[in-house]
Amino acid sequence: CLDERGVTGGQPTITPQLSQTQTSACPAAGGFVFGVHPRLRSARGKLCLMRVFNCDHCGHLVFFDSVQCLHCGNTLAFAPDQLTMATLAPAPQDGAGLWRRMGERGGSAPTGKLYRMCSNRAAYGACNFAVPANDYSPLCVSCRQTRVLPDLSEPTNLGRWQQVESAKRQLFYTLARLGLEPVPGRAGPVFEFLADWPGGPQVLTGHQGGTITLNVAEADDDERARRRIALGEPYRTLIGHLRHESGHFYWDQLVQGGARLEEFRRVFGDERADYAAALQAHYAKGVDVGPWAERHVSAYASAHPWEDWAETWAHYLHMVDLLETAASYQLGVTVPTPPFGPQPAMRHTVSDPFGSPAPSFDDMVGQWVPVTLLLNSLNRSLGQSDAYPFALSAGAMVKLRFVHDLVQAVRQPPAQAV
C-alpha cells in the first residue's frame, strides 16, 4: 500500500538516495524494556514489549529487547534459531567473538550452543539478536533482510532506524512463531528503510515485488500523528505498518495462483479490479468513506481487496501477538456483569495461540475481545487513547477466520520458544 498512493542477504547498503521507486500506500498501521543497550535507550525508549522470558542464569524476568539481565548482570541476546532469550557467557577458548549459552541455573555446559552477536549490536546498538556460530553472516537473520538503510551519519536517521529495526524484529518473531519465516527454499521479504531528501522524490511506504519500503520518518511521533490525522486513521504505528506490508508479501506467497484464490475472491472481492482507480476513488472521499464497518476491519480495508487482505492480515498478527503476551503473564479476565443479570460473569483465561494444542479460532476471538476491553480500559485510566481502537464486525471476523485457516494450513513447524 502507499501513503499517498502511487503505482509504479549480505550487508545492507547505506545510502542517502532512494534506490528504486517503491510504491504501495498504507495507513498504518508500539514499548518498555529492561536492560537495554544505551544506544537503544536513546531511541526514545520505544521498543518491543511482547511475551516475557526468564534469564537462564537467575530466572529473573527479561524482555524481548533486553541485552543484559538487571538482576544478575549477565549478557542477554535473542536466539532466533530457538525463538527465546538466551543468557550468554564469553567463550574466547572456542574462537574470537564467540559466546556460549548458559545452562540452567547458570551452568555453562561444554555442549551449550555457541553464538556470535549480530554486528549491528556493536556498531550501532541496533540489534540484540545472536547469530549461530556456524552461520558466517556478520548480521543476524533479521538484520540481513534489510537491504538499504538511510544515511546513518545523520543522528536523527540513526535513532529512527533503531526503532524501525526493533519493530522488524518483532514482526520476524511473530512470523517465525507462525511457521512462516524462515522457510527453507522460499525467500522472505527484504526491506528498504529510507529517508526523504530535500528536493528528492518522496519516499512512499509500501510493498512491491517482495520488497517492503518504509519511510523512517514514521518513527517520529509527531510525523506519524500528523499523517494519522490527515488520513483520518484511528491507529498508526511502526509495527502496524510492517504487519500490513507483510500482508502484501504473503498474499503473493500464499494466495496468488494458489488453490484458495477463488475462495479469497468470494470473501474479500476480486483483486483484479483496477487498483490505481480504487485507491484514487478512496482518497477522493476524504475521511468520509461510507459504511465500511459491516464487512471490513478498517476504513482503508474498503479501498480494494488487496488492502482488505493486508489490513485483515495485520489484525490477525495483532491478535496472536497480544494473546501470546497475555498468556505469558497467565492473564485471566472477568468482564463485569450486572449483579442482577441472568448469567454470572465469565472468566476468560488466555491461551497461548502457539501452544500445543493450539486454541481454535473461536477460542482466540473469545479471549481477544475481553483482553482488548481490558487493554483499552487500562489505557483510559492513564489518560491515553485506546490501544486497540477497533470493534470487529461479523463480516470482518469471516475474513480473519480465512487468514487463520490459511496460515494453519500452510505453516511449517516452527522452532519452539523456550
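Biologist: How many of the residues in the protein chain are buried?

Modeller: In this predicted model, buried residues account for 52% of the 418 residues in the protein chain. A residue counts as buried when its relative accessible area is under 20%, and as exposed when that area is over 50%. The accessible surface of the chain comes to about 18300 Å², and 55% of this belongs to carbon and sulfur atoms. As for secondary structure, the chain has 10 helices and 14 strands.

Biologist: Which residues of helix α7 are buried, and on which side of the helix do they lie?

Modeller: The general idea comes first: an α-helix has 3.6 residues a turn, so residues three or four places apart point the same way. In helix α7, which runs over residues 275–284, the buried residues are Tyr275, Ala278, Leu279 and His282. Because they cover an arc of only 95 degrees around the axis, they are on the same side of α7. The face turned away from that buried side carries the exposed residues Gln280 and Ala284, while the cover over the buried residues of α7 includes α8, residues 305–328.

Biologist: What span should helix α9 have, counting 1.5 Å a residue?

Modeller: Helix α9 holds 21 residues, 361–381, and should therefore span 30 Å; its end C-alpha atoms are 30 Å apart, which agrees. The expected span is 1.5 Å times one less than the number of residues, which is the step to remember when you repeat the reasoning.

Biologist: Which elements do the buried residues of α9 pack against?

Modeller: The buried residues of α9 include Phe361, Met364, Val365, Trp368 and Val371, and the buried residues of this helix pack against α8, β13 (332–334), β14 (347–349) and α10 (394–410). After α9 comes glycine 383, whose phi is positive, near 75 degrees.

Biologist: Where is there a cis peptide bond?

Modeller: A cis peptide bond, with omega of about 0 degrees, joins serine 356 and proline 357. Proline 357 lies in the loop between β14 and α9.

Biologist: Which residues other than glycine have a positive phi, and are they buried or exposed?

Modeller: Two cases can be read side by side, and they include leucine 83, with a phi near 55 degrees, and glutamine 330, also with a phi near 55 degrees. Leucine 83 is in the loop between β4 (75–79) and β5 (84–90), and because its relative accessibility is 1%, leucine 83 counts as buried. Glutamine 330 is in the loop between α8 and β13, and because its relative accessibility is 72%, glutamine 330 counts as exposed.

Biologist: How many salt bridges does the structure hold, and which residues form them?

Modeller: The structure holds 25 salt bridges, and a few of them will show how to read the rest. Arginine 260 forms one with glutamate 263, the closest N and O atoms being 3.0 Å apart. Arginine 260 counts as partly exposed because its relative accessibility is 24%, and glutamate 263 counts as partly exposed because its relative accessibility is 27%. Another salt bridge brings together the side chains of arginine 265 and glutamate 271, at 2.6 Å from N to O, and both arginine 265 and glutamate 271 are buried.

Biologist: Which salt bridge links distant parts of the chain?

Modeller: The side chains of aspartate 362 and arginine 401 meet in a salt bridge, at 2.4 Å from N to O. This pair links distant parts of the chain, since aspartate 362 is in helix α9 and arginine 401 is in helix α10, 39 residues apart. Aspartate 362 counts as partly exposed at 49% relative accessibility, and arginine 401 is partly exposed as well, with a relative accessible area of 33%.

Technical notes. Residues numbered from 1 in each chain as written. Predicted model: local features only at pLDDT ≥ 70, side-chain atom pairs only at ≥ 80, totals over all residues. Heavy atoms only, no water. Helix = DSSP H or I, 4+ residues; strand = E, 2+ residues; numbered from the N terminus. Buried < 20%, exposed > 50% of the residue type's maximum accessible area, 1.4 Å probe, protein only. Areas by Shrake-Rupley, 256 points an atom, 1.4 Å probe, with all protein chains shown as cover. Arc of directions from axis to C-beta. Contact = heavy atoms within 4.5 Å. Salt bridge = Lys/Arg side-chain N within 4 Å of Asp/Glu carboxyl O.
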